[in-house]
Amino acid sequence: MKNYIDLLNAAVPLITTWYRSNKRPLPWRSDPTPYHVWISEIMLQQTRIEAVIPYYYRFLETLPNVAALAEVEDDVLMKLWQGLGYYSRARNLKKAAIVLRDEYNGKLPEDAAALKRLPGIGDYTAGAIASIAYHQPEPAVDGNVLRVIMRLCACDDDIMLSQTKAEVIRQLRCVYPSGEEASLLTEGLMELGEGICPPSGAPQCKICPLHFLCRAYEAEETVRYPVRSPKKARRIEERTVLILSSEDRFALCKRPDSGLLAGLWEYPNFDGVLDKAAILKKLEELGVSVRSISNVGAAKHIFTHVEWHMQGYHISCSNQCPHFSWKSSDEIRIELAIPTAFRFYTNQILEGDIL
Ligand code: SF4
C-alpha cells in the first residue's frame, strides 16, 4: 500500500469537526463508559444499529456491570442474546468478564494490547474501547472505516487481504490524536461509513466533510472503491426439522458445546431431506410413538459461510420420549434461547398453529 499519511493527516480535523455537530444520539454515546462501549461494539458487529438498540437496553438492565456479566447463568445470557445471532459473541463476553473480575478488579484495561488478550476482543473492538472510552490514540478499523479510507485515498489494494487492513491501521495510527479528539475521530469515521459513505447505494459526497480531499470523488470513481476480491460461494446444507409435540409440550435438544450455534436449544433435526418413511424409521429407533405426521413448510436461513435449507414436519406423539427435553410454549417463549434460524417453526408453535 502506498503512503497516504499526509492525506490522512489532513482529513483528521475535518472528520472530528464534522462529527462534533453531526453525531446521532445513540444510547451508548450518552454515557460511554468502557463497559458500555464494549457491550455496544460487540453487539454492533454484523448487526444493524436499529436492531441492536432494544437488545442493548435489555442487556444493561439485566447485566449492568462486569460482575453481573461474569456471574450470569448461560441460559439467561443466551436468552438476552436470542435473535442477535453469532452467539459466540455473548459467550466470549461472559468469558472476558470472568477474566476482568478475577484479574483486573472488574475494570477493562486501558491499553489496546491488554484488551486484545481478552476473549472476543480483536483489533477493532480494542481500538474502539481504547479511543472512545479511554481517549487513547488507537484506531478502530472495521469494514465501514476501511471503505471510507480506501475511497478517500483511491487506494487499489484488496480489502479482503489482511495486510491491507493492517497497513490502514498502521498509517492511521501515525495521524491519530489523543484526548477527546481520539474518540471524535473513531466515532466520526464510523458515522461517515454508516451514513454518508455507505456500503450500498451512492455515497453522499456533496455533504461529506472529506469531499475536498477525497480522491475517489475527484476522479468520479467512488463506485470502484473499495477493491475487493470475490467472496467464496456459501455452502448449502439441507436439513429436515421435526416439531414433535405431546399434549402441550414440544421436544427440544441442546446443540453441542462447540461449532455453529453452540450450546443453544433446537428442534430435533437431521441432515438431508428425509421423506416421511425415513423420518418415521428414525423416530421408531429413538422410541417415539407417532400418532400423525404433517408437513409444516420449508424455511431458509443464511449464515456467513453456509445456508440451511430446511423442510419441517409436525409429529404428534403419544409419548414423551426421554431422548428429548419436553418444553411448554411459555418456556420456549420466555426461557429458552432458540436460534433465529428456526424462527419459522418457533412462530408456528407460539402462534398455536402446531398443537
Ligand atoms: S467524498 Fe464521497 S466517496 Fe469520498 S469519503 Fe466522502 S462520501 Fe465517501
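Author: Contact means heavy atoms within 4.5 Å. Helices (H or I, at least four residues) are DSSP runs, numbered from the N terminus. This is a predicted model, where local features need pLDDT of at least 70, side-chain atom pairs count only at pLDDT 80 or more, and totals for chains, interfaces and linings use all residues. Residues are numbered from 1 along each chain as its sequence is written, and side-chain values use heavy atoms, with hydrogens and water left out.

Reader: Into which classes do the residues of the contact of α1 with α11 divide?

Author: Ala, Val, Leu, Ile, Met, Phe, Trp, Tyr, Cys and Pro count as nonpolar, Asp, Glu, Lys and Arg as charged, and the others, Gly among them, as polar. In the contact of α1 with α11, six residues are nonpolar, two are polar and none is charged.

Reader: At what angle do α1 and α11 pack?

Author: Two packed helices are described by the angle between their axes and the distance between the axes. Axes are lines fitted to C-alpha atoms, for helices over the stretch in contact, and angles run from 0 to 180 degrees between N-to-C directions. Helix α1 (residues 5-22) and helix α11 (residues 162-175) pack at about 55°, with their axes 9 Å apart. The two helices are therefore oblique to each other. Angles under 35 degrees count as roughly parallel, over 145 as roughly antiparallel, 65 to 115 as roughly perpendicular and the rest as oblique.

Reader: How do α3 and α7 pack?

Author: Helix α3 (residues 34-44) and helix α7 (residues 88-103) have an angle of about 155° between them, and their axes are 10 Å apart. They are therefore roughly antiparallel to each other. On the α3 side the contact is made by W38, I39, I42, M43 and L44, and on the α7 side by R89, L93, A96, A97 and L100. Nine of these residues are nonpolar, none is polar and one is charged.

Reader: What is the difference between a pocket and a cavity?

Author: On a 1 Å grid over the protein atoms alone, a cavity is a set of points where a 1.4 Å probe fits but cannot get out, and a pocket is an open set with protein on both sides within 12 Å along at least five of seven lines; lining residues have an atom within 4 Å of a point. Grid points are joined across faces, edges and corners, and a volume is the space filled by probe spheres set on the points. The largest pocket here holds about 1700 Å³ of space. Its lining has 44 residues, and Q45, Q46, D142, G143 and N144 lie nearest its centre. That lining divides into 17 nonpolar, 11 polar and 16 charged residues.

Reader: How many cavities does a search of the whole structure find?

Author: There are two of 30 Å³ or more. The largest cavity has a volume of about 100 Å³, and α10 gives the largest share of its lining, three residues. Nine lining residues of the largest cavity are nonpolar, one is polar and one is charged.

Reader: Which residues line the second largest cavity?

Author: They are L8, A11, V12, I15, I149, L152, L172, V175, L185 and L189. The second largest cavity holds about 50 Å³ of space. Helix α1 gives the most to its lining, with four residues. By class, the lining of the second largest cavity has 10 nonpolar, no polar and no charged residues.
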